[in-house]
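Please keep the sequence and the structure in view while reading.

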Amino acid sequence: MKNKNFIWKKFFQKEIKKKYFIKLIKKIYKDINNKKIIYPQKKYIFNIFKKINFNNLKVVILGQDPYYGINQANGFAFSVMPNIKIPPTLNNIYKAIKFDIPNFIIPNHGYLINWVNEGVMLLNSILTVEKGKPQSHANIGWEIFTNNVIKTINQYYKNIVFLLWGIYAKKKCVLITSKHLILTTSHPSPLSFYKGFYICKHFSKTNKYLILNKKKPINWNIKLIK
């Protein structure tokens with residue numbers, strides 16, 4: 001099937017009717033009604049699904065849950081809004097790309113829409129978080145949803161590169177079969193950056209695999225904001 005949008009339309013039609021998903025959304029709305037501040041903003045929760053071209057999907061980078069600071073999260077894993085300070089974890093990702101691809105220019109912002117446009121799905125396992133409380137929305141249903149996303153990609157695509165960074169992300173290996181490439185290393189956070197991530201060269205390895213499978217490589221460079 002060449003047009004993958006139909007697959008994802010069916011996927012969402014099916015998921016939103018499931019008990020776990022109905023319960024999950026009720027929980028989010030209840031928190032909002034109780035004046036809890038939830039990130040990202042409601043309009044950005046499913047942002048990656050709105051912005052990614054599913055017919056051009058090449059790479060999945062898996063994060064855990066959104067940034068929990070004011071105006072940081074935008075629905076893309078590891079990404080922040082254009083006018084927000086680059087978080088340490090994303091800064092480390094940039095450093096690792098520079099180590100791997102010398103002509104990479106470290107950008108002056110952390111808005112990763114260029115990667116999404118290249119076919120990189122920046123997917124968090126948990127899509128919401130309460131302000132100032134990391135992992136506050138773990139185990140309320142998001143993991144079921146995003147596991148099903150990974151299973152769908154695994155089933156209907158071939159030769160996708162999955163970048164799984166850190167212990168949490170590596171657990172998703174069981175959802176992915178050998179018709180794809182899985183690259184794992186330590187997490188890019190300051191605590192584990194030098195435990196493998198910095199020298200992992202996942203970005204050039206991704207492109208070599210894509211070229212080998214007759215796909216256009218990812219341009220990892222990001223347009224600077226003037």
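The points below concern a strand with its neighbours and a pair of helices.

The structure is a predicted model. Strand E2 covers residues 59-63, and helices H1 (residues 5-15) and H6 (residues 142-156) pack against each other.

**Burial of strand E2**
- Because five of the five residues of E2 are buried, the strand is largely enclosed by the rest of the structure.
- In a regular strand, side chains alternate between the two faces of the sheet.
- Both faces of E2 are covered, with Val 59, Ile 61 and Gly 63 buried on one side and Val 60 and Leu 62 buried on the other.

**Strands paired with E2**
- Strand E3, residues 120-124, runs parallel to E2 and is joined to it by five bridges.
- Within this pairing, Leu 122 of E3 stands opposite Ile 61.
- Strand E5, residues 161-165, also runs parallel to E2, and four bridges join the two.
- Val 161 in E5 is the bridge partner of Val 59.

**Packing of helices H1 and H6**
- The axes of H1 and H6 lie 12 Å apart, and the helices pack at an angle of about 150 degrees.
- This angle is over 145 degrees, and H1 is therefore roughly antiparallel to H6.
- The two helices form a right-handed crossing.
- H1 contributes Ile 7, Trp 8, Phe 11, Phe 12 and Glu 15 to the contact, while H6 contributes Phe 145, Asn 148, Val 149, Thr 152, Ile 153 and Tyr 156.
- Of the residues in this contact between H1 and H6, eight are nonpolar, two are polar and one is charged.

Conventions: Residues are numbered from 1 along each chain as its sequence is written. This is a predicted model: local features need pLDDT of at least 70, side-chain atom pairs count only at pLDDT 80 or more; totals for chains, interfaces and linings use all residues. Side-chain values use heavy atoms; hydrogens and water are left out. Buried means under 20% relative accessible area, exposed over 50%, partly exposed in between (1.4 Å probe, protein chains only). Two strands pair if DSSP finds at least two bridges between them. Axes are lines fitted to C-alpha atoms, for helices over the stretch in contact, and angles run from 0 to 180 degrees between N-to-C directions. Angles under 35 degrees count as roughly parallel, over 145 as roughly antiparallel, 65 to 115 as roughly perpendicular and the rest as oblique. A crossing is left-handed if the near helix is turned anticlockwise from the far one by less than a right angle, and right-handed if clockwise. Contact means heavy atoms within 4.5 Å. Ala, Val, Leu, Ile, Met, Phe, Trp, Tyr, Cys and Pro count as nonpolar, Asp, Glu, Lys and Arg as charged, and the others, Gly among them, as polar.
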